[in-house]
Amino acid sequence: VLFLQIVHILNMTSAKIVSFLLHPEESLHSLQNRIEFETGISTGNQELLLETGICLDPRKPASQCVIDGVRGWDSYMVYLFDKSKTVYDGPFASRSLSDCVNYIVQDSKIQLPIPQLRKVWAEAVHYVIGLKEDYSRLFQGQRAAMLSLLRYNANLIKMKNNMVSASQQLKAKLEFFHQSIRLDLERYSDQMAYGISSEKMLKAWKEMEEKASQCAQAEDIGYLDEQIMALHTEIVELQKSPYARRQGEVMESLEQRAIDLYKQLKTRPPDHAYSDSTDMVKIIVQTVQSQDRVLKELFGHLSKLLGCKQKIIDLLPEIEVALNNIKEADNSVMQMQGKRQREIWHLLKIACTQSSSRSLVSSSLEGTASTPAATWLPQSSSGSTAPHPLSSLAAPEDGENFADVIRENVNYLELFSSILQEVRQEQNSMMVS
């Protein structure tokens, strides 16, 4: 018997306890199917919480519901919540009276012999103690719900901080991108008259600027931040609420009064005397009324806790979407920045190539101009230069100098043609990109 594993589950929707004998190596899913059969709550809507507010792990066996050892095993509870509900209607009906206790409640002035009265009052004391314990278990379930809510809230705050950090980084990158592209456009416009121009590239840069303005929408997370802050304030108020603390002081005092009454009756001699149950019935009625009041407050507070938890569950996907949008916008901005920088370096390469080609052409022209005209044009008798027929051209040694000049100019012309072809190819590739 000592090695049997029994799990006690308190259904917070009905305030009733259901117990199950666990089979060896039984899975949590198997236990949930049995819970569904007993409570009517589907496995998909079941939320099983330990006293610490930790949700049971579906990857582990059902034995995680049971504590090790013998001490305290019969009072250890797992708390069952219905995820499809955020409002629990309570208070619920108190535990039923036994026949003999119900007998004195119906007529508290009825006279009973002392020995029989002791038995009835013993059951009445047990009933009062049971009412207080029922409230204590339900309060512990509310406590588990609060701890679970705080775990969800901690996860929400962590995701919110990541979202705010990513949004601030995106905002800084966008500011840098806008400032740099404005400067690039200004400098590009200044050099268009005498430098390199590309309408296609200019249009692409302006489209980048517009796209960056659209990316700025991703950094706008103010509406989510407001909802999270309002929800955080609501959770803090729930923690400060008096209903978040145990309210069973009245029931505990009534329990002690019932025990004292029973002790007084127990000391009376078992003679033929008779007595009524007026005082004990008053305590029973006051305990039931006190339990109704504290349970109404407890379930009202529990409904608020579950409502806040559902708000967090609804917010988490929205934060995920916002984070993904920020990451996509961040990647887009970095890609546009890199593309523009590559184009700027491409322009610089073309400008340097054109500068080199101009230098080569000017040097070839200077070399040609410095060649004496007398070396290839004969002088007339009057000293003026005049065309001559082919039979009157210069001597052979002068013809050799003229051929050298022609070969040099042909070489420069071929070099210049190759440079121009490279420049055209570079410009065409830049236009295509």
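In the predicted model, serine 167 makes contact with Glu219, Ile221 and Ile326, residues up to four places away in sequence being left out of the count. Serine 167 belongs to helix H3, which spans residues 114–191. With a relative accessibility of 7%, this serine counts as buried, because the value falls under the 20% limit that defines the class.

The chain as a whole contains 8 helices and 6 strands, and their order along the sequence is β-β-α-β-β-α-β-α-α-α-α-β-α-α. It comprises 433 residues, of which 35% count as buried. Among contacts between residues at least 6 apart in sequence, 81% join residues at least 24 apart.

Strands E3 and E4 run antiparallel and are joined by 4 bridges. Within this pairing, glutamine 46 stands opposite aspartate 82 of E4. On E3, Gln46 and Leu48 point one way, whereas Glu47 and Leu49 point the other way; all of these residues are buried. The loop between strand E3 (46–49) and strand E4 (77–82) contains aspartate 57. Aspartate 57 has a relative accessibility of 16% and therefore counts as buried, the limit for this class being under 20%. Apart from residues up to four places away in sequence, aspartate 57 touches Leu28 and Gln64.

The search for aromatic pairs across the whole structure returned 2. One of them is formed by phenylalanine 81 and tyrosine 88, with a centre-to-centre distance of 6.5 Å and an angle of 25° between the planes, and this pair is stacked. The assignment as stacked follows because planes under 30 degrees apart are placed in that class. Both partners are buried: phenylalanine 81 has a relative accessibility of 1%, and tyrosine 88 has a relative accessible area of 5%.

Backbone geometry was also examined. Most residues other than glycine have a negative phi. Alanine 15, although not a glycine, has a positive phi of about 65°. This alanine is found in the loop between E1 and strand E2 (16–21), and at 29% relative accessibility it counts as partly exposed. A positive phi, of about 60°, is also found at glutamate 25, again not a glycine. Glutamate 25 is located in the loop between E2 and helix H1 (28–39). Its relative accessible area of 74% makes glutamate 25 exposed, since that class begins over 50%.

Valine 1 is placed in the segment before strand E1 (6–11). With a relative accessible area of 88%, valine 1 is exposed.

Technical notes
Residues are numbered from 1 along each chain as its sequence is written. This is a predicted model: local features need pLDDT of at least 70, side-chain atom pairs count only at pLDDT 80 or more; totals for chains, interfaces and linings use all residues. Side-chain values use heavy atoms; hydrogens and water are left out. Helices (H or I, at least four residues) and strands (E, at least two) are DSSP runs, numbered from the N terminus. Buried means under 20% relative accessible area, exposed over 50%, partly exposed in between (1.4 Å probe, protein chains only). Contact means heavy atoms within 4.5 Å. Two strands pair if DSSP finds at least two bridges between them. Rings of Phe, Tyr and Trp (its six-membered ring) pair if their centres lie within 6.5 Å; planes under 30 degrees apart count as stacked, over 60 as edge-to-face and the rest as tilted.
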